[in-house]
Amino acid sequence: MGEGKGKEDEKINTYSCACAIVASMISIIFGYETGVMSGALIFIEEDLKINDVQIQVLAGIINFCALVGALSAGRTADYIGRRYTICSAAIIFLLGSLLMAFAPTYAVLLTGRCVAGIGVGFALVIAPVYSAEISAASSRGILASLPELGISIGILSGYISNYLLASLPLNIGWRVMFAIATLPSLGLAIGILGMPESPRWLVMQGRLGDAKRVLLKVSNTKEEAQSRLQDIKLAAGINPDCTDDFVRLKHNTRGQGVWKELLLRPTPPVRWMLLAAIGIHFFEHATGIEAVVLYSPRIFKKAGVTTKKKLLLATIGVGVTKLIFIFSSTFFIDRSGRRKLLQISVGGMIVALLGLGFALTIVHQSHDQKVVWALWLSIATCYLYVMFFSIGLAPVTWVYSSEIFPLKLRAQGASIGVAVNRATNATVSMTFLSLVNAITIGGAFFLFAGMSVLAWIFFFFFLPETKGRSLEEMEEVFTRRKKSRNVDTELQSQNSVVRVP
């Protein structure tokens with residue numbers, strides 16, 4: 001069975017698109033927290049009199065706390081559903097933002113950042129999973145990439161907030177920057193309750209009637225809805241011809257025992273899926289994007305941009321570049337496929353990182369002399385790196401890891417990938433300044449270029465194409481090598497039989 005293949009079925013369903021957009025609001029809030037911290041650090045450092053080590057901890061602690069959120073989110077999403085997990089993430093973000101906005105000391109600010117980090121972990125797991133589960137195969141790429149687009153919108157909003165609020169009194173400006181995040185968090189916590197639950201989660205609970213009603217809304221035709229429901233029932237171990245509104249499943253449906261199937265006794269396809277998910281999440285941040293997004297004011301300062309206003313304006317350019325090219329990539333991800341976008345993206349990142357490392361090395365070695373061409377090359381290659389990252393690696397990471405796992409393992413499998421993502425992100429953000437002091441800023445970006453080469457090789461050999469395949473077909477995709485060999489052997493055998501006179 002497969003999802004509908006007609007022209008009508010290939011159109012993006014308006015209702016499922018609206019659901020994915022609302023779910024992606026949680027990513028906008030996370031992106032805002034990331035972007036606003038980039039500029040807020042300039043003012044926090046001056047107001048609270050903190051040093052480089054404290055800055056690194058404040059910047060990176062959110063990702064270590066996101067580990068807790070990510071590892072909890074999968075089990076939570078399996079237990080209370082995708083919709084209420086998004087609501088929980090919004091409430092956690094709200095609490096974290098309030099703590100940071102009214103923090104009287106560095107310790108309270110750090111606590112608020114930790115609370116927000118747990119919300120980050122929830123958001124990064126559940127938004128792509130929810131978007132993938134309500135989408136048809138033909139539009140899953142664009143809808144599941146909306147959370148990454150949301151992150152970019154949030155980051156740009158944070159950068160703009162930095163610039164607009166920079167003229168406020170020192171001890172008020174950065175607090176208002178964090179307080180702004182409470183408004184969308186509150187709106188999402190309320191608005192999400194009007195959205196439908198994931199039909200795949202409903203089937204896992206035996207609620208076939210509710211799942212059918214949701215699928216009729218998120219599908220373009222009744223035939224497509226029926227086909228998708230049959231595929232989901234089959235994947236959940238339910239007779240596809242069952243017409244009951246509710247069935248009691250023999251196996252557990254609340255996420256228990258999933259860790260054993262993922263880590264202790266995985267089948268060969270699941271082991272490959274886990275390797276692919278961990279690998280793509282690791283390389284997304286090991287190639288240096290967090291260093292550029294979080295520390296871009298310092299990078300531009302090293303390149304020769306000096307005033308706060310100019311630093312913040314140059315940083316807004318990073319956010320604009322990221323948003324434009326992630327938005328552009330959503331139109332290609334279902335047409336060109338995941339692999340092609342990844343290979344083009346990472347190939348361009350390698351070139352851009354080498355150029356950025358070279359330009360910053362020239363600036364570093366020139367000491368107090370201003371090398372204008374190197375300054376402009378630094379800014380241009382920085383934007384070029386963000387462009388190539390945003391057109392492929394950024395959106396594909398979240399689409400790919402949210403679509404490859406079987407239904408029962410999807411939420412918790414995705415949470416493992418996100419945990420690796422946050423751990424790598426935290427490592428980069430909490431060590432970048434120390435790395436710069438150890439091997440220079442140019443050397444740091446040469447290191448990221450080396451990691452990008454490894455990423456390209458990994459993606460080429462270990463990530464099969466998933467474009468156009470339904471979620472229920474992924475195990476077949478990840479066993480294709482063995483099947484391909486069997487088919488080749490069978491064809492050779494048939495050919496040899498034909499040749500016998």
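**Exercise 1.** In this predicted model, the side chains of Lys408 and Glu261 meet in a salt bridge (2.6 Å, N to O). Find where each partner lies, and decide whether each is buried, partly exposed or exposed.

*Solution.*
Step 1: Locate the partners. Lys408 sits in the loop between α18 and α19, and Glu261 in helix α13 (residues 258-264), so the bridge ties together parts that are 147 residues apart in sequence.
Step 2: Apply the cut-offs. Buried is under 20% relative accessible area, and exposed is over 50%.
Step 3: Classify. Lys408 has 27%, so Lys408 is partly exposed. Glu261 has 31%, so Glu261 is partly exposed too.

**Exercise 2.** Arg140 forms a salt bridge with Glu403. Work out how far apart the two are in the chain, and whether they are buried or exposed.

*Solution.*
Step 1: Check the distance. The closest N and O atoms are 2.7 Å apart.
Step 2: Place the residues. Arg140 is in helix α6 (residues 140-144) and Glu403 in helix α18 (residues 372-403), 263 residues apart.
Step 3: Classify. Arg140 has a relative accessible area of 0%, so Arg140 is buried. Glu403 is also at 0%, and therefore buried.

**Exercise 3.** Describe the largest nonpolar core. Which helix gives the largest share of this core?

*Solution.*
Step 1: Count. The core has 139 residues.
Step 2: Pick out residues with the most contacts inside it. Among them are Ile26, Phe178 and Phe432.
Step 3: Name the helix. Helix α19 (residues 410-462) supplies the largest share, 17 residues.
Step 4: Look beyond. A second, separate core has 18 residues, including Trp201 and Cys242.

How values were computed: Residues numbered from 1 in each chain as written. Predicted model: local features only at pLDDT ≥ 70, side-chain atom pairs only at ≥ 80, totals over all residues. Heavy atoms only, no water. Core = buried A, V, L, I, M, F, W, Y, C linked by side-chain atoms within 4.5 Å. Buried < 20%, exposed > 50% of the residue type's maximum accessible area, 1.4 Å probe, protein only. Helix = DSSP H or I, 4+ residues; strand = E, 2+ residues; numbered from the N terminus. Salt bridge = Lys/Arg side-chain N within 4 Å of Asp/Glu carboxyl O.
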